[in-house]
Amino acid sequence: EEIWKTNLNFICTHNSRRSHLAMVWAQTAADINDVNVKTHSWGTEATAFFHRSVSALQQSWFQIETEKLSDSQNPVYLVKTSEDKDALRCFSKTFDHPESPTKNFGAVMVCDNADTNCPAVLDGTKISVRYVDPKIADEWNVPEEVKVAHYKERSDQIGSEMLYVFSEASKILSQR
């Protein structure tokens, strides 16, 4: 088993949109910049990785499959960030899920509700990077492609910010 220097948990209330987008983009950015990080996501509640978030990532050329024998209410998506890396297992879970690190992690809060109402982050560092929830588009009376475009816009924002952060982190780490 590979030992990771740092685990990053991206946390949002329902673990359905922003936390997954941030997890996937952060792992991609870490891999591109050779930063030894393993990313995860969880929420204060478990729901499902929302289909428009999955579509937004697919539009960014991520290869995504549904894991066989996956729960239809909370499917597990296998997201390939590159050809030479294992797929990320993306599904909605809470902090106490066995796949959620409980030690040696940073907690990145990506929504205001989770930031305010999250259980205490013990044995970890808490950082707030709040994003506007793309689910506002779910209520719009517009064609599906407009809703997905809104999700893609949020995904692109998160992606560009994660690429920048990990590029800067790589520069700092290379000076050590």
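# Briefing: aromatic pairs, core and loops

Tryptophan 25 counts as buried, because its relative accessibility is 11%; buried here means under 20% relative accessible area, exposed over 50%, and partly exposed in between (1.4 Å probe, protein chains only). You are looking at a predicted model, where local features need pLDDT of at least 70 and side-chain atom pairs count only at pLDDT 80 or more, while totals for chains, interfaces and linings use all residues. Residues are numbered from 1 along each chain as its sequence is written, and side-chain values use heavy atoms, leaving out hydrogens and water. Here is a short tour.

**Aromatic pairs**

- There are four aromatic pairs, counted when ring centres of Phe, Tyr or Trp (its six-membered ring) lie within 6.5 Å, with planes under 30 degrees apart called stacked, over 60 edge-to-face and the rest tilted.
- One of them joins tryptophan 25 and phenylalanine 62: the ring centres are 5.0 Å apart and the planes stand at 80 degrees, so this pair is edge-to-face.
- That pair connects distant parts of the chain, with tryptophan 25 in helix H1 and phenylalanine 62, 37 residues away, in the loop between helix H2 (51-59) and strand S3 (63-66); helices (H or I, at least four residues) and strands (E, at least two) are DSSP runs numbered from the N terminus.
- Phenylalanine 62 is buried, because its relative accessible area is 7%.
- Phenylalanine 49 and tyrosine 77 also make an edge-to-face pair, because their planes are at 85 degrees, with ring centres 5.5 Å apart.
- Phenylalanine 49 belongs to the loop between S2 and H2 and tyrosine 77 to strand S4 (residues 77-80), so this pair ties together parts 28 residues apart in sequence.
- Phenylalanine 49 is buried at a relative accessible area of 2%, and tyrosine 77 is buried at 13%.

**Charges over rings**

- Arginine 17 lies over the face of phenylalanine 50, at 4.0 Å from the ring centre; the rule asks for NZ of Lys or CZ of Arg within 6 Å of the ring centre and within 35 degrees of the ring normal.
- Lysine 93 places its charged end over the ring of phenylalanine 91, at 4.2 Å from the centre of that ring.

**Nonpolar core**

- The largest nonpolar core holds 35 residues, and Phe10, Leu57, Val79, Cys90, Met162 and Phe166 have the most contacts inside it; such a core is a set of buried Ala, Val, Leu, Ile, Met, Phe, Trp, Tyr and Cys residues joined through side-chain atoms within 4.5 Å.
- At least two core residues come from each of S1, H1, S2, H2, S4, strand S5 (88-90), strand S6 (105-109) and H4.
- H1 supplies the largest share of this core, eight residues.

**Loop residues with positive phi**

- Asparagine 15 has a positive phi of about 45 degrees, although it is not a glycine.
- Asparagine 15 sits in the loop between strand S1 (6-11) and helix H1 (18-32), and it is buried, with a relative accessible area of 0%.
- Aspartate 34, another residue other than glycine, has a positive phi near 55 degrees.
- The loop between H1 and strand S2 (37-42) is where you will find aspartate 34, which counts as exposed at 72% relative accessibility.

**Partly exposed residues**

- Arginine 89 lies in strand S5 and is partly exposed, because its relative accessibility is 29%.
- Arginine 89 and leucine 57 are 32 residues apart along the chain, and their C-alpha atoms are separated by 14 Å.
- Valine 146 is part of helix H4 (residues 144-174), and its 36% relative accessibility makes it partly exposed.
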